[in-house]
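Hi,

Here is the structure I said I would pass on.

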Amino acid sequence: MRAEGALFLLATLLPCALPAGAVAQQQRTPGERLPVHEKVLDNGMRFLALERKGAPTVAFVVQYDVGSVQEHLGDTGTAHLLEHLLFKGTTTIGTKDVDAERVLFGRMDAAQDTLVRARARGDSARVSALAARIHALEDTARTYVVPNEMDRILTRAGAQGLNATTTNESTTYFVELPANRAELWFALEADRMSDPVFREFYTERDVVMEERRTRIDTSPGGMLYESHLAAAYTMHPYGVPVIGWMSDLQNLGRQEVAEYYRRYYGPNNAVVVVVGDLDADKAVEWAEHYFGPLPRGEEPPPVLAREPQQRGERRVDVVWDAEPALRIGWHVPEALDPDAPALSVLTSLLTGGRTSRLYHRLVIEDRSAASVYSSLGPGEKYPQLFQIDATPISPHTPAEVEAAIYEEIARLAEEGPTQRELVRVRNQVEAGNVRRLLSNLGLAFQIASSTTLTGDWRDTFRLSQRVGEVTADDVRRVASTWLTQENRTVATLRRDEPDEEPIS
Amino acid sequence: MRRAAVVTALALLACGTIAGPTAAQQTGKSVVERLRYPPLRFDAPDPEMHEVEGVRVLFLEDHTVPLVTLFARFKGGYSLFDRSYYAATTALPALLRYGGTTTLPPDSVDEALEYYALQTSFGGGGETVFTSLNTLTTHLDPGLHLWIDMLRNPVFDSAQVEVWRGREMENVRRRPDDPQRLAFTQFNRLMYGDHPVGWEMDASDLEPEDLTPERLHEVQRRILCPENLIIGITGDVSWPEMEAKLRRELRDWPPCSGTLPEYPEPRIRSKPGVFLIPRELEQSILVMAHPADVHLGDGRYFAAQIGNAILGSGGFSSRIMARIRTEEGYAYAASSIWTMPRRYQGIVGAVTRTRPENTVPALELILETMKEMSREDPTREEVGTAVDQIVNGFVFNFETMAQIISRRMFYLAQELPEDWLEQYVAGVEDVTPRSVHRVLRDNLRPDDMIILVVGDPDRIGREGLERLGPVTILDPSTLPG
């Protein structure tokens, strides 16, 4: 956590966030005025550096323009598994003898191919025998491995928060280092970008299956989320869980992951951002030196799938031994659509804070819900869902809460928000934007995401400006256009008990 | 203001030389090994200590931006009261924020906070109530006044109390839905019995009579008073100016109505055993620990910290993570736990989650890893990694002024020396493989673990569990204290 470096932004933003009424229209938002150095390398890699004085630390982010939307049924979970495997080292880091490892990889992968065919035949004895063989070969290969070596090198350098995250449409690797050790990151990351080795593959696949068991298979909330998206999207890959379906994970092989890496991990598909106490010219020099020699990758194929228009409400039940919960989602356009700012304002009007309409009605007035949230997701690049999550307070039912939600939305679509509400939302949006910028890492993420989404790091700052210009009429229009009965999918978590009264 | 110059660096050579021109030479391990780093120099700001109207105040001036951040830390929480006050002491921070003041009803407080673009937080633990305010310098006067008004003159509006009570009841109802939360709360109960650490909120704690205005005012008057308070301030204001404002707001704050009792000494279960909460789950939750006697401030504390990092708290560089995750693929997350309270016993053990069939192998592997560590010295490389992470990452303790101030407030509350962080780094640098081994040999007893598993008995295998000790089946609703 870091505060003071970015706080000049807060100072410039907050005066326009005050409800005194004077929202000055500026040519450019304060975020856009940040002195970001931008350099496109010859191999197509986009590099951005922002120098900020403060404690001598630097945040590093690499974002690849690839995620689970590039997957298909049968290979779901590939993007995320690959993210894990990129911590396993390279031809020189993490190994004592990479050639000996590769010989064993070939034998393991052949056994995996045979295993998949045996599984298709239902030959479970053969499957078990082959799984044991793969396990034994991986144990042998492990004698050549220096485990977690990249992690150890960074840890010894005082690194903080080394991690990565995969979403529906991007994969992001990040870490912070003391400023004097910045060059170490360039050397390690360039090595990983050019020369990774997917060692310990089958063990890591088991780790990912355990991650799935934690996040989804033993979590009522995770299961409700997964089931809801799968029902709302019939063909667009936003309906596919990022972590992958369990049966796909069981059958994924090293070759498929390597192919995915080859196709999507070229420097031309990456955005690299460094933010902190680092001379920007020096950063550009290191970027050219370390990343410059990497060859350009192939042009990744576009995602052309488009979800067909929904023609009628869909309802899905998840039966689970847990207290009930509710999820509603309406199809709405992608984040760059002209309607997106008004939809963003709508989420704040409904659930942003104690005075918001749904929070006040359900949690404070009716006391029928313990919580209610709304959001746009699961990604932003393609048409998204306007999502509402609520947990009823017993003995109130999901049906009661759902009915109250529709009532409040109808009222808002009919009457529109008051001017006072709009000003409050503007304040929240501005403050939220500022809070995201209060750390080097947060800023590096925003610059990277904006560049990946539109090619211009300033665009997400501009988007927040447009949110501030949304009118009451805009809100009424988007609420009545998109939040309709036939356009929604409703998922309910409930115990295996007789059905409640259906909603009319 | 005293400024301490801090230098951390292992290598003193100037910036790294750059390798040759081809890609093959520019990346990889040999390049990393050739890099040399300049020393990292920075000035660590040092807060001033003052006293205003009987309240201890830490202050750090910072004019980088026109903002002021204030923290208040009160001694007092549910651990210092008997069980009948559990709900009132737990609700107190939230109801200070939501319940209104003698001059402003709850809605007006919400509006005022929004009007001045103030950011506040209200929270607490078993022994502390903690709150903060962030404001533009221009709104410091009204912001400070409102914030102190919320702390000094709360009214605990009955409708807001009911909202809190209803949500907390639902929280209790939903506790079994998350198997990890169930495992952790039941494990605390198993280890600590009727000590506050072992408490979990029940519907019987949340009757309306547990949250009457009288009850809430009583805990407020015992906790929210000058003797229990430490304030920390950083930002765009000078001390003379700030002192005058504080004096106005803190004047005539009545003293505490009676002193708080001492934290009750825990009596932690030491009898080993295996406990199973049967649940048909796709993944078991595993928790194990036994009592431990290393304390924050002890001579052995530093070796225990490094030992814990090597055993399992140090992420991918630690042994439990390496064995359980990297080598066997048993789990996504696995780590050791070692609590080292200043004055009382703590616990040492481990946690992980794995599919039912791997439950017993994972438990056995963790215990075996612990045995190895209590048998022999860790390697120099392992100790070096754990020490380097702390020493080279030292600068991350000074990333923000707010971080510096709140850490010093903690030291003051814990009666630690003001240069504790520097002592900590120096202590850690003196740790050797031998000292790590000694503290683990004397404090880590894998055969004495109290083990709790939440999971599916049929798939886990009763026989396997019994290899680890006599198995007791627990029903969470009737668990003995």
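E408(A) is buried, since its relative accessible area is 7% (buried means under 20% relative accessible area, exposed over 50%, and partly exposed in between, with a 1.4 Å probe and protein chains only). Its partner in a salt bridge is R411(A), with the closest N and O atoms 3.3 Å apart; a salt bridge here is a side-chain nitrogen of Lys or Arg within 4 Å of a carboxyl oxygen of Asp or Glu. R411(A) counts as partly exposed, at 34% relative accessibility. Helices (H or I, at least four residues) and strands (E, at least two) are DSSP runs, numbered from the N terminus. As background, an α-helix has 3.6 residues a turn, so residues three or four places apart point the same way.

Before you go further: this is a predicted model, in which local features need pLDDT of at least 70 and side-chain atom pairs count only at pLDDT 80 or more, while totals for chains, interfaces and linings use all residues. Residues are numbered from 1 along each chain as its sequence is written, chains are lettered from A and ligands numbered from 1 in the order in which they are written, and side-chain values use heavy atoms, with hydrogens and water left out.

More salt bridges

How many salt bridges turn up over all chains? A search of the whole structure gives 77. One of them joins R199(A) and E101(A), whose closest N and O atoms are 2.8 Å apart. R199(A) sits in the loop between α6 (182-194) and α7 (201-217) of chain A, and E101(A) in helix α3 (residues 98-121) of chain A, so this pair ties together parts that are 98 residues apart in sequence. R199(A) counts as buried, at 0% relative accessibility, and E101(A) is buried too, with a relative accessible area of 0%.

Over in chain B, E418(B) and R408(B) meet through their side chains in a salt bridge (3.6 Å, N to O). E418(B) is in the loop between α14 (401-413) and α15 (420-429) of chain B, while R408(B) is in helix α14 of chain B, so the parts they tie together are 10 residues apart in sequence. E418(B) is partly exposed at 49% relative accessibility, whereas R408(B) is buried at 10%. There is also one network, made by salt bridges that share partners: K88(A), D139(A), R142(A), E200(A), E204(A) and R325(B).

Where the chains meet

Chain B puts 82 residues into the contact and chain A puts in 83 (contact means heavy atoms within 4.5 Å). About 7,100 Å² is buried between chain B and chain A, and carbon and sulfur atoms give 57% of that. Buried area is the accessible area (1.4 Å probe) that two parts lose on being put together, summed over both. Y332(B), F396(B) and E399(B) supply 9% of what chain B buries against chain A, more than any other three residues.

Leaving out residues up to four places away in sequence, E176(A) touches V58(A), A59(A), A159(A), Q160(A), N440(A), L441(A), F396(B) and E399(B).

Between chain B and chain A there are seven salt bridges. E149(A) forms a salt bridge with K29(B), and their closest N and O atoms are 2.7 Å apart. Helix α6 (residues 158-174) of chain B gives nine residues, the largest share of the side of chain B that touches chain A.

A closer look at that helix

What span should the 17 residues of α6(B) have? At 1.5 Å a residue they should span 24 Å, and the end C-alpha atoms are 24 Å apart, which agrees; the expected span is 1.5 Å times one less than the number of residues. Among the buried residues of α6(B) are V161(B), W164(B) and E168(B).

Last stop: T128(B)

T128(B) lies in strand β7 (residues 128-136) of chain B and is buried, at 18% relative accessibility. R73(B) is 55 residues away along the chain, yet the C-alpha atoms of T128(B) and R73(B) are separated by 6.8 Å.

Happy exploring!
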